[in-house]
Amino acid sequence: MQVSRRSFLKIGVAGACTLAAGGAIYRLVNPASSPHRFALDGPAQTVLDAVIPAMLGPALPQAAEARAMAVRAASQRVRDAVLGLPLTTQKEVQDLFGLLALGPARRLLAGVAGGWEQADPQQVAAFLSSWRTHSLQTLQVGYHALHDLIMGAWYADPSTWEAIGYPGPMKELLA
């Protein structure tokens, strides 16, 4: 399929308008204030609970109970990692989760029609893949933020090292 320059520009303008509208709606719902600490509230938690399994995939345990515990632990580590960032960055991450939790933005930007609770893992993986390679750099940055937070928090925990064969940091030898 060949896209004309005019069609490409129309799609770009439509995408920018969609992002602007989603941001405006989010700002109306959550008025801007001075940067505050990140809070993994209900909607943000729901987004994270849907994205973690899609992002980590086979690194998570297969047994349902162990998998749920691993997702909860990963979610807590992501929260802790975000809290270690500067306040302005915490606000940006909060805005990303808020935008993804907002119904119209979730449908238009992520392609998830129902709530995140009902999102199919393949649907979430497709959303992540589309953001990773999207022509809009803003969406690529959003993907990389989610990726780095989740992967960094997961593999920073020593309990996950054995599964990938990482023995841990080298021990210094005392002479």
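These are my notebook entries on a predicted model of a single chain.

**Ground rules.** I number residues from 1 along each chain as its sequence is written. Since the model is predicted, I take local features only at pLDDT of at least 70 and side-chain atom pairs only at pLDDT 80 or more, while totals for chains, interfaces and linings use all residues, and side-chain values use heavy atoms, with hydrogens and water left out.

**Entry 1, overall layout.** I looked up the secondary structure and found eight helices and zero strands. I take helices (H or I, at least four residues) and strands (E, at least two) as DSSP runs, numbered from the N terminus. Along the sequence the pattern reads α-α-α-α-α-α-α-α. The chain has 175 residues, of which 34% count as buried. For this I use buried for under 20% relative accessible area, exposed for over 50%, and partly exposed for in between (1.4 Å probe, protein chains only).

I checked how helix α2 (residues 42–56) packs on helix α3 (residues 64–83): the angle is about 115° and the axes are 10 Å apart. I therefore note α2 as roughly perpendicular to α3. The axes are lines fitted to C-alpha atoms, for helices over the stretch in contact, and angles run from 0 to 180 degrees between N-to-C directions. Angles under 35 degrees count as roughly parallel, over 145 as roughly antiparallel, 65 to 115 as roughly perpendicular and the rest as oblique. I recorded the crossing of α2 and α3 as right-handed, meaning that the near helix is turned clockwise from the far one by less than a right angle, with anticlockwise giving left-handed.

I looked up Q45, which sits in helix α2 and is partly exposed, at a relative accessible area of 22%. I placed Q62 in the loop between α2 and α3, and Q62 counts as exposed at 65% relative accessibility. Q62 and A39 are 23 residues apart in sequence, and their C-alpha atoms are 29 Å apart.

I searched the whole structure and found three salt bridges, each a side-chain nitrogen of Lys or Arg within 4 Å of a carboxyl oxygen of Asp or Glu.

- R77 pairs with D157, with the closest N and O atoms 3.2 Å apart. I note that this pair links distant parts of the chain, with R77 in helix α3 and D157 in the loop between α7 (137–155) and α8 (161–164), 80 residues apart.
- R79 meets D80 at 2.6 Å, N to O. I have R79 as partly exposed at 27% relative accessibility and D80 as partly exposed at 40%.
- K91 pairs with D95, the closest N and O atoms being 3.2 Å apart. I find both in helix α4 (residues 87–101), four residues apart, about one turn of the helix, and both buried.

I found V3, F8, L9 and I11 forming a nonpolar surface patch with about 410 Å² of accessible area together. Patch residues have over 30% relative accessible area and no salt bridge; like charges are joined within 9 Å, nonpolar side chains (Val, Leu, Ile, Met, Phe, Trp, Tyr) within 5 Å. The areas come from the Shrake-Rupley method with a 1.4 Å probe, and for residues only the protein chains shown count as cover. I placed L9 in helix α1 (residues 5–29), and at 46% relative accessibility L9 counts as partly exposed.
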